[in-house]
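Please look over the sequence and the structure shown below before reading on. The paragraphs that follow lead through the structure step by step.

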Amino acid sequence: MRLISFQVDVFQSYNDTVLAIGLSHFSYNESIFSTADISIGIDILSEDIPSEKDIEIPGETVDSSNFSLDKNYSKNSILPHEVQFVSSMVAHSCSLNLKGSTSISHIPEIIASGRAALDSTTNASFFLCTGYVSFSIMVFLCPCSVTRSIPFVPSMGSFLQLQVLLPLLALSLVASKADEKSMDRVPPKNDEEVVFAREEGRRLFLHTLLRALLPAVASQLVHLIAFGDLMISFEMDFIRASCSRSGEINWKTVARCGALSDYSGPAKVWAGSLMIAELALCTICISASFHSRAERIGKKSPFRNQVWSASTFVSTIVVIAYLAVGLGEGVLRALSWYTYFVAFFMPPLCLLFCERIKHYDRKYEHRAEQLRRLQFETRLGMWSPKENA
């Protein structure tokens, strides 16, 4: 980090982001503020000039309770709103214009809040990518299903998954708090020519694909079992006439029945609704793993994010309401016990699988952060704050 003292303190970090902090009443600081990546102005004159009600103007009545000999100003004195106008002119390029010298103590908190917002937004973006890729894989697996009847993907369920649940959960993830050591980590170097670090792009692609694969497979498994159960319960005459050869009828024989290739009855629609609902439940569950890319759930509980907790509750209610409206009478009673076992066992399994992937991500991120720290303290030592202490 480099420090230059000329009324504006310019801090250049390892990622080549220039932060300028200086007095906002000096006109020559305007050009420095405009060229820096992030500028913060400090208005120290406002705290030294009294308010207008404390200023005595000759020829006008002054409140005796606010009058004092050391605050006897003439008409040529600088008024508070004039100081604020000059400060705002110089600091028009600044993201913040703090009032008073004591406000400098809040700058670390502001930087920490900015890093927390950046990290949480990045995690929410990864979650959105994972959710959309998972839905795409589920749709892609429909023609590849082992059953002769291609699964039906409901339009209303797809709309709720893509346009309601995923954006709602992603916005709630933005409200996550920062990691405990977020201010101690050296950020990646901000080089426009380098999009990903070494092997980072391949790792992100592979891990996103793995996170998205298990929920899609779980939804297909639920559809496979549920479709057989519903056909046996509601289309028994059709099954006996077209699919029964040995007299034994179960969901396996129904799944491999060739006569179901042209079937388009209500059982197919209901099985599709259960499939999209299972995907939604798995998506809600794995969202807990995206509160942090480094810390485990046991160390950073997702329930500390009250916005996410409320969004999870609302999302679950939406899924239940969708099933209540989309399923016919007696559908849930027709499902076998192992259908419920798979449906409720797969979401926590998906979460554990995501946490296991996070373990490898954490090892990679820790090694990369240690390398950036080493480069910061050696090759870029002249910019380090230790050199200017």
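Phe345 is partly exposed, because its relative accessible area is 41%; this class lies between buried, under 20% relative accessible area, and exposed, over 50%, as found with a 1.4 Å probe on protein chains only. Phe345 belongs to helix 11. Helices here are DSSP runs of H or I with at least four residues, strands are runs of E with at least two, and both are numbered from the N terminus. Between Phe345 and Ala218 there are 9.5 Å from C-alpha to C-alpha, although the two are 127 residues apart in sequence.

The model is predicted, so that local features need pLDDT of at least 70 and side-chain atom pairs count only at pLDDT 80 or more, while totals for chains, interfaces and linings use all residues. Residues are numbered from 1 along each chain as its sequence is written, and side-chain values use heavy atoms, with hydrogens and water left out.

The protein chain as a whole contains 12 helices and five strands. Of its 389 residues, 41% count as buried. Contact means heavy atoms within 4.5 Å. Among contacts in the protein chain between residues at least 6 apart in sequence, 73% join residues at least 24 apart.

Two further residues illustrate such separations along the chain. Gly328 sits in the loop between helix 9 and helix 10 (331–334), and its relative accessible area of 26% makes it partly exposed. Glu30 is found in helix 1 (residues 30–35) and is partly exposed at 32% relative accessibility. Its C-alpha atom is 9.0 Å from that of Cys94, 64 residues apart along the chain. When residues up to four places away in sequence are not counted, Glu30 touches Met89, Val90 and His92.

Attention may now turn to the interior. A nonpolar core is a set of buried Ala, Val, Leu, Ile, Met, Phe, Trp, Tyr and Cys residues joined through side-chain atoms within 4.5 Å. The largest such core has 40 residues, and those with the most contacts inside it are Phe127, Phe135, Met138, Leu173, Ile276 and Val319. Two or more residues each come from helix 3 (107–141), helix 4 (155–173), helix 5 (200–234), helix 7 (251–255), helix 8 (266–286), helix 9 (306–326) and helix 11 (337–377). Helix 8 gives the most to this core, with eight residues. A second, separate core has 18 residues, including Ala226, Leu260, Ala267 and Ala271.

Helix 8 is mostly covered, with 17 of its 21 residues buried. The expected span of a helix is 1.5 Å times one less than its number of residues.

Helix 3 has 35 residues, and its reach of 51 Å from first C-alpha to last is close to the 51 Å expected. Its buried residues include Phe127, Thr130 and Phe135. Leaving aside neighbours within four places in sequence, Phe127 is in contact with Leu166, Leu169, Ala170, Leu173, Thr283, Ile286, Ser287 and Phe290.

Among the residues that make the contact are Leu160 and Leu173 of helix 4 and Trp308 and Val319 of helix 9. Helix 4 also holds Gln161, which counts as buried at 1% relative accessibility.

The last feature concerns charged side chains. A salt bridge is a side-chain nitrogen of Lys or Arg within 4 Å of a carboxyl oxygen of Asp or Glu. A search of the whole structure finds one: the side chains of Glu355 and Lys358 meet at 3.0 Å, N to O. Because these residues are three apart in helix 11, about one helical turn separates Glu355 and Lys358. Both Glu355 and Lys358 are buried. Arg211, in helix 5, is buried as well, at 11% relative accessibility, and its contacts beyond four places in sequence include Phe353, Lys358 and Asp361.
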